[in-house]
Amino acid sequence: MALASSWFGLVLAPQLQVGRKDITTVTGTGDLYPSRRPGQAEQGAQVYRANGCVTCHSQQVRQTGTVFDVVLDELGTNAPAVKQALKELDANLSEAELAALPKDIFRAVDKDHSDKADAALKKTGAKYEIRIRPIGADIDRGWGRRGNVAADYLQDSPVFLGAQRLGPDLANVGVRKPDLNWQLNHLYAPASVVPGSTMPPYRFLFEKRKIGRYPSPDALKLPGEFAPEPGYEIVPTDRARELAAYLLSLRSDVPLHEAPLSAK
């Protein structure tokens, strides 16, 4: 009995929950999500694992709930009906506010409240939007626009969820920091782009060499105290480029059925 319960809890239940998930088509664009990472980024995942980055960084934005914003875009052709609906919703906007649409009618309300506004405004012919907005401490920190779900990791093996956050969550670092040069400088000298950073430098992923007849086009552009002495340059190795490519590929900002959000 104990063996059967363990098998059900540790094997069958997870399989039923996530084992049948498949790549989905993104509404509006037709793109497949998640897509396979480019080859260089796939190699970079192995550099990420080999250097133990998962020890200090998670890849799982947490979401505590969802709220709704109701935005009135246009009054339409029946302004008196819209004004009456707003009055019944206890959302009285001044004439000046109605003349300067779009304007938020409600912010951060629950679904019942947004459904009530939807039903009232739909009858008036007004143009309005109901925006879905995930909330949570990680989202407030700017680490992502929604919480991560199982579908985000379908192309990853292994999955680097991480258990500690000695550094920021990286699930969307490719969205937050999309500049390759920033990523390379950060790996070589973290404090050069993040003042006060406690992250250790990964200088063994770079080569310091004398400048030849011409400087290398790949040489890092390092500020002040982080730059090498005159006559030398810092050039990323293949492993540094692969790791940077992997970091740039980390982005989970696509709306999903189980993790909806509205476009900005």
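Biologist: Hi! Let's start with H8: which of its residues are buried?

Modeller: In H8 the buried ones are Trp-182, Gln-183, Leu-184, Asn-185, His-186, Leu-187 and Tyr-188. Do keep in mind that this is a predicted model.

Biologist: Okay, and how enclosed is H8 by the rest of the structure?

Modeller: Largely enclosed, because 7 of the 9 residues of H8 are buried.

Biologist: What do those buried residues of H8 pack against?

Modeller: They pack against H7, E6, E7 and H9.

Biologist: What separates the C-alpha atoms of Met-199 and Leu-187?

Modeller: They are separated by 8.9 Å, and the two residues are 12 apart along the chain.

Biologist: Now H9, please. Which residues of H9 are buried?

Modeller: The buried residues of H9 are Ala-240, Glu-242, Leu-243, Ala-244, Ala-245, Tyr-246 and Leu-247. They pack against helix H2 (39-50), H7, H8, E6 and E7.

Biologist: Back to rings for a moment. How many aromatic pairs are there in the whole structure?

Modeller: A search of the whole structure finds 5. One of them is Phe-160 with Tyr-246, an edge-to-face pair at 6.4 Å centre to centre, with 85° between the planes.

Biologist: Which parts of the chain does that pair link?

Modeller: Distant ones: Phe-160 is in the loop between helix H6 (137-140) and helix H7 (173-176), while Tyr-246 is in helix H9 (residues 238-248), 86 residues apart. Phe-160 and Tyr-246 are both buried.

Biologist: Which residues form the aromatic cluster?

Modeller: Tyr-48, Phe-160 and Tyr-246 form one cluster.

Biologist: Nice. Changing topic to the backbone: which peptide bonds are cis?

Modeller: The bond from Tyr-33 to Pro-34 is cis, with omega near -10°. Pro-34 is in the loop between strand E2 (32-33) and H2. The bond from Ser-157 to Pro-158 is cis too, with omega near 0°, and Pro-158 is found in the loop between H6 and H7.

Biologist: What about phi of Asp-90?

Modeller: Phi of Asp-90 is near 60°, a positive value in a residue other than glycine. Asp-90 is in the loop between helix H3 (79-88) and helix H4 (95-98), and it counts as exposed at 64% relative accessibility.

Biologist: And Ala-108, what is its phi?

Modeller: Ala-108 has a positive phi of about 55°, although it is not a glycine. This residue is in strand E4 (residues 103-109) and counts as partly exposed, at 44% relative accessibility.

Biologist: One more loop: where does Gly-231 lie?

Modeller: Gly-231 lies in the loop between strand E6 (206-210) and strand E7 (232-236). Gly-231 is partly exposed, with a relative accessible area of 41%. Leaving out neighbours within four places in sequence, its contacts are Arg-209, Lys-210 and Ile-211.

Biologist: Let's zoom out. How many helices and strands does the protein chain have?

Modeller: The chain has 9 helices and 7 strands. Its radius of gyration is 25 Å, well over the 18 Å that the globule rule gives for 264 residues, so the chain is more spread out than a compact globule.

Biologist: What does the C-alpha trace span along its principal axes?

Modeller: About 75 × 65 × 35 Å. Buried residues make up 37% of the 264 residues.

Biologist: Last one: how far apart are the mean positions of the positive and negative charges?

Modeller: They are 3 Å apart, for 33 positive and 31 negative charges.

Methods: Residues are numbered from 1 along each chain as its sequence is written. This is a predicted model: local features need pLDDT of at least 70, side-chain atom pairs count only at pLDDT 80 or more; totals for chains, interfaces and linings use all residues. Side-chain values use heavy atoms; hydrogens and water are left out. Helices (H or I, at least four residues) and strands (E, at least two) are DSSP runs, numbered from the N terminus. Buried means under 20% relative accessible area, exposed over 50%, partly exposed in between (1.4 Å probe, protein chains only). Contact means heavy atoms within 4.5 Å. The radius of gyration is taken over C-alpha atoms; the globule rule is 2.2 Å times the number of residues to the power 0.38. Lys and Arg count as positive and Asp and Glu as negative; His and the chain ends are not counted. The place of a charge is taken as NZ of Lys, CZ of Arg, CG of Asp or CD of Glu. Rings of Phe, Tyr and Trp (its six-membered ring) pair if their centres lie within 6.5 Å; planes under 30 degrees apart count as stacked, over 60 as edge-to-face and the rest as tilted.
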